[in-house]
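Please consult the sequence and the structure shown next.

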Amino acid sequence: MSEDVWLPIPPEEIKGLPEGPDYLFWDGGQEFPGDPAKCAVYVVPYMRREPVKVRPLEAMTGLRVVQTLTAGVDDITANLSLIVPGVQLCNARGVHDTSTAELALTLTLASLRGIPGFVRAQDEERWQGEFRPALADRNVLILGYGAIGSAVEDRLAPFEVGRVIRVARSGRTTARGVVHPLTELPQVLPEVDVVILATPLTDETRGLVDAAFLARMKDGALLVNIARGPVVDTDALLSEVESGRLSAALDVTDPEPLPPGHPLWRAPGVLITPHVGGPSSAFRPRAERLLVDQLTRFVNHEPLRHVVLTTGA
C-alpha cells in the first residue's frame, strides 16, 4: 500500500519527485486533502501560524517524518506531545541561507546609512542630507554561526569590515577562523559595532539578549535580529533604543506579529520588517530541491538530512 505525502507546494509543480508515494497538496486550508492517519511524511505549510501547522498532527497516527520548510522548528517542538513516537523531525537547513543572509545585510546597511529617514524625507519631498556611519571598518559580531551565520559572513566579505567575530553555542575553528563559545560573549561584545543575531530559539537562547547583554554593547552600536523574536528581551531593548544609546533592525519581534500601538513601531532608531527573511524568490527553488532530495532518501530507505530529533527517543 502506498504512503501519503502531504506537500504545501502542488506536487505537479515539483520536478523530480520519486515515484511511490501518493502526493497530496495541503497548504493549511480548512479541508484536509486526505485521511491524516495515512500520512507518512508531513511537509509543514510555510508562512502559516502555529495553530494551522499543528492542526493535523494529532490525527497523523502513521506519521514517520515531519519536514519543515523553515530553519527554526520551535512551532513543532512546542507541540511534540501531539506527534506519535518514532517520527523524525527535519528542518530546512540551507533553504533560507541566501535569502535571510541577504536581508541581514540589507537591514544592516539600511540602518547604518539612515535609509528609513531618507524614505520619510522623500515622502515629504524634503531634500536633507546627513553624515552617517558606513559598514566599512566596523567590527561585526555574528551570534549563531550555523549555515545562515556563515552565509552572512560570505556577504560581509566585500564590505571592508574591520573584524568579524563569530559566536556559537560551542567554540570551534573554521576555515575563516575562530568561533567563540557563548561563555566568551561578555568579553567580545564591547568590541563590536554591529551584532547580527542568527541563532535558533532554544531554552538557552530565549531571552539571551537581555539588559545585561545590551549594556555591554558599545554606545551607538546596532543590533540586527534575523533569528527569533524571543531571543531578545523587548522591554530591555526598548529602554536602550528610547535612550538613543543603541539602534536596532528587527525582522522578528516579541510579540509577533507586532500589534498596532506597540512602542517598538515608533521607537527611535528602530527599523522593522515583518519576518520576511525567508520569503523571497530564492525560497521556492531551494525548497523544491530539498524536498526532492529528502523524499528520494525516504523512498529509498536512506538516512534523511537535517534531522533535529526523533520523537519519543
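Which side chain meets that of Arg176 in a salt bridge? The partner is Glu153, at 3.8 Å from N to O, where a salt bridge is a side-chain nitrogen of Lys or Arg within 4 Å of a carboxyl oxygen of Asp or Glu. Arg176 lies in the loop between β8 (172-174) and β9 (177-181) and Glu153 in helix α5 (residues 147-156), so the pair ties together parts that are 23 residues apart in sequence; helices (H or I, at least four residues) and strands (E, at least two) are DSSP runs, numbered from the N terminus.

This is a predicted model, in which local features need pLDDT of at least 70 and side-chain atom pairs count only at pLDDT 80 or more, while totals for chains, interfaces and linings use all residues. Residues are numbered from 1 along each chain as its sequence is written, and side-chain values use heavy atoms, with hydrogens and water left out.

By the salt-bridge rule the count comes to 17, among them the following pairs.

| Pair | Closest N and O atoms |
|---|---|
| Asp75 and Lys53 | 3.0 Å |
| Arg297 and Asp293 | 3.3 Å |

Arg297 and Asp293 are 4 residues apart in helix α9 (residues 283-299), separated by about one helical turn.

Accessibility is classed as buried (under 20% relative accessible area), exposed (over 50%) or partly exposed (in between), with a 1.4 Å probe and protein chains only. Glu153 is buried at 6%, whereas Arg176 is partly exposed at 38%. Arg297 is buried at 16%, while Asp293 is partly exposed at 26%. Lys53 is buried at 10%.

Finally, a network of salt bridges links Glu153, Asp154, Arg166 and Arg176.
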